[in-house]
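Here is a short tour of one model, written to be read with the structure open beside you.

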Amino acid sequence: MPMLAITHYPDAILRRKSAPIHHISPAINALVDDMIKTMYASPKTIGLAAPQVGHSVQLIVIDVSAREKKHGLLVLINPALVWGKDEKILREGCLSLPDYTGNVTRYNHVLVRGLDRGGAPFQIETEGIEAICLQHEIDHINGMMFIDRVSSLTTDVFRRKRYGKV
Ligand SMILES: [Zn+2]
């Protein structure tokens, strides 16, 4: 299981809508394993989307355990936000944009639907960091990044030396 190279902004793959996955092939299964390994090996990282490792497919992995006790490792295929409520502003970072963080408004409570790694329908209703992480990663598969969601690039984006978070 190799570690995957992280794709950085402004690589075009990060701006493209990813393709849905119709068949959980051995290649997709291997990609899931490699993404999990890559996420856990990256300091403070709680989520990863396939376009961030060079694959334009609708696949995300999340584990916010380091920040909050929630559902542990989640693998979602073709995930979509069904609804969200209770908006909240939180500072976010991204492995694909390692030198910056931003104040982003997100829903604090969401319902997300997709498939699990076996291809079975899956849904999760959750709150807090896990809800915010899900929205951040679902944005990635839709070609969006957190800088698209800040109110102002001059007052809500901050430079930093080290990366972390989602
Ligand atoms: Zn990100």
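How many bridges join β4 to strand β5 (residues 121–127)? Seven bridges join them, and the two strands run antiparallel. Before going further, please note that this is a predicted model, in which local features need pLDDT of at least 70, side-chain atom pairs count only at pLDDT 80 or more, and totals for chains, interfaces and linings use all residues. Residues are numbered from 1 along each chain as its sequence is written.

**Strands around β4**

Helices (H or I, at least four residues) and strands (E, at least two) are DSSP runs, numbered from the N terminus. Two strands are said to pair if DSSP finds at least two bridges between them.

| Strands | Bridges | Direction |
|---|---|---|
| β3 and β4 | 13 bridges | antiparallel |
| β4 and β5 | seven bridges | antiparallel |
| β4 and β6 | three bridges | antiparallel |

To find each pairing on screen, start from a residue pair. Gly84 has Val110 of β4 as its bridge partner. Val112 stands opposite Ile124 in β5, and Gly102 is bridged to Val157 in β6. β3 and β4 make a hairpin with six residues between them. The hairpin of β4 and β5 has five residues between its strands, and Gly119 there takes a positive phi near 95°.

**The helix α1**

A residue counts as buried if 20 or more other C-beta atoms lie within 10 Å of its own, exposed if 12 or fewer, and partly exposed in between, with C-beta atoms placed from the backbone. In α1, Leu31, Met35, Thr38 and Met39 are buried. Because they cover an arc of only 95° around the axis (taken from the directions from the axis to the C-beta atoms), they sit on the same side of α1. The buried residues of α1 pack against β1 and β2. On the face turned away from that buried side are the exposed residues Pro26, Asn29, Ala30 and Ala41.

**Nonpolar cores**

A nonpolar core is a set of buried Ala, Val, Leu, Ile, Met, Phe, Trp, Tyr and Cys residues joined through C-beta atoms within 7 Å. The largest one has 28 residues, of which Met35, Ile60 and Ile62 touch the most other members. Elements giving two or more residues to this core include α1 (26–41), β2 (59–62) and β4 (100–115), while α2 gives the most, with seven residues. Contact means C-beta atoms, placed from the backbone, within 7 Å. Leaving aside residues up to four places away in sequence, Met35 touches Leu4, Leu48, Ala50, Val53 and Val61. Another core, of seven residues, lies apart from this one, and Leu95, Val104, Met145 and Val150 are among its members.

**Backbone details worth a look**

The segment before α1 holds Pro10, and the peptide bond from Tyr9 to Pro10 is cis, with omega near 10°. Lys44, in the loop between α1 and β1, is not a glycine but has a positive phi near 65°. Lys44 has 13 C-beta neighbours inside 10 Å and therefore counts as partly exposed. Asn78 lies in strand β3 and has a positive phi of about 50° although it is not a glycine. With 20 other C-beta atoms within 10 Å, Asn78 is buried.

Note on methods. Contact = placed C-beta atoms within 7 Å.
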